[in-house]
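Hi,

Here is the structure I promised to send over. Have a look at it first, and then read my notes below.

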Amino acid sequence: MNEIEAFWADAQVRAKVNPLRTITGPNLRDTVPPPAWSFGADPQQADELLALVLAGIKTATASSRWDYDAEDEALPEVGELSIVLDGAGHPRALVRTTDVEVVRFGDVDADHAYAEGEGDRSLAYWREVHEAFFTEHASHDHGFSDDLPVVLERFEVLVTNPGSASRA
């Protein structure tokens with residue numbers, strides 16, 4: 001069993017993902033781990049942003065809708081589970097998406113910026129770092145503007161990996 005599968009086996013029990021398992025037995029959702037990914041564009045960003053998640057500061061994230069389209073990837077959905085990895089690819093947290101909204105970059109509000117937990121948590125800081133991120137790491141060729149559709153996602157942490165607490 002690989003590290004992600006082992007984390008998933010433990011996390012789904014601790015998060016009570018399938019409370020009926022004792023009655024109905026395992027189902028497909030029990031055996032197939034949810035998607036595993038990390039925040040940011042490099043290992044250092046992944047660890048910095050994960051530390052904010054583990055501290056309870058970061059409860060939201062944002063992505064370019066155009067990147068989802070360019071990569072033929074489905075948007076996150078409310079209730080969806082994800083395994084968040086650290087910069088070295090180790091599973092560190094199980095999160096559940098609690099809200100998804102698509103808005104123009106220019107319409108992202110201060111509440112969302114604050115929930116992302118980065119920098120001074122201001123909207124001005126959020127706009128500065130996200131414009132740079134969305135420009136530098138785009139998977140699409142639409143360029144950047146205030147009309148860029150942004151996927152705003154809120155999440156809750158269900159389980160953390162205590163065996164890796166020193167890594168993030």
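Let's begin with the aromatics: F105, W126, F133, F134 and F144 are joined into a cluster by ring pairs (Phe, Tyr and Trp rings, the last by its six-membered ring, with centres within 6.5 Å; planes under 30 degrees apart are stacked, over 60 edge-to-face, the rest tilted). Before going on, note that this is a predicted model, where local features need pLDDT of at least 70, side-chain atom pairs count only at pLDDT 80 or more, and totals for chains, interfaces and linings use all residues. Residues are numbered from 1 along each chain as its sequence is written, and side-chain values use heavy atoms, with hydrogens and water left out.

Searching the whole structure gives six aromatic pairs. One of them is F105 with F134, which is edge-to-face because the planes are at 80 degrees, with ring centres 6.2 Å apart. F105 sits in the loop between strand 4 and helix 6 (110-116) and F134 in helix 7 (residues 123-136), so this pair ties together parts 29 residues apart in sequence (helices are DSSP runs of H or I, at least four residues; strands are runs of E, at least two; both are numbered from the N terminus). F105 also pairs edge-to-face with F144, with centres 4.8 Å apart and planes at 85 degrees. Here the partner is in the loop between helix 7 and strand 5 (149-160), 39 residues from F105. F105 is buried at a relative accessible area of 1%, while F144 is partly exposed at 24% (buried is under 20%, exposed over 50%, partly exposed in between, using a 1.4 Å probe and protein chains only).

Next, helix 4 (residues 43-54). A46, L49, L50 and V53 are its buried residues. They lie on the same side of helix 4, because their arc around the axis is only 105 degrees (taken from the directions from the helix axis to the C-beta atoms). These buried residues pack against strand 3, strand 4 and strand 5 (contact means heavy atoms within 4.5 Å). Just after helix 4, G56 has a positive phi of about 80 degrees.

Finally, D86 is in the loop between strand 3 (81-85) and strand 4 (91-104). D86 is buried, at 3% relative accessible area, and its C-alpha atom is 8.2 Å from that of F39, 47 residues away along the chain.

Cheers
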